Amino acid sequence: MLFRSIRTTMRAGKHLSNERDGVHGGVGGVMGDRAAELAIRTLTGGPHRYRPVEIRVLFVRPIAASGALLPVDAEVGFLGRTTATTTARIYRPDGKLAIQIDQVHTVL
């Protein structure tokens with residue numbers, strides 16, 4: 001069975017913190033990118049490799065580097081022969097949206 005979305009988690013550990021004791025924004029971007037790739041792979045299931053060609057990261061709320069587990073949801077909006085679009089969302093422990101990552105991918 002193929003799914004258009006996935007949920008994974010990341011731990012917001014101190015080793016991922018910035019100078020304000022929050023999760024560094026780059027970590028959020030990477031986690032969103034990885035989750036999006038997993039969502040694409042659940043649909044393709046084949047040898048195709050997709051790479052992001054456009055990434056937009058929206059920082060909505062800070063995330064404390066407290067060691068809490070953070071939900072990361074990713075969904076495929078469009079999957080074509082040569083391109084795909086995805087959206088990944090990272091939530092704080094209180095359930096509020098913290099980071100949204102929108103991407104356009106191309107097939108290699």
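Tutor: A salt bridge is a side-chain nitrogen of Lys or Arg within 4 Å of a carboxyl oxygen of Asp or Glu. R92 and D94 form one, with their closest N and O atoms 2.7 Å apart; by this rule the count comes to seven. The model is predicted, so local features need pLDDT of at least 70 and side-chain atom pairs pLDDT 80 or more, while totals for chains, interfaces and linings use all residues. Residues are numbered from 1 along each chain as its sequence is written, and side-chain values use heavy atoms, leaving out hydrogens and water.

Helices (H or I, at least four residues) and strands (E, at least two) are DSSP runs, numbered from the N terminus. After α1 comes G45, with a positive phi near 60°.

Buried means under 20% relative accessible area, exposed over 50%, and partly exposed in between (1.4 Å probe, protein chains only). The buried residues of α1 include G28, A36 and I40, and their cover includes β1 (5–11) and β5 (97–107), where contact means heavy atoms within 4.5 Å.

Within α1, R41 and E37 are four residues apart, about one turn, and their side chains meet in a salt bridge (3.0 Å, N to O). R41 counts as partly exposed because its relative accessibility is 40%, whereas E37, at 17%, is buried. Salt bridges with shared partners join R34, E37 and R41 into one network.
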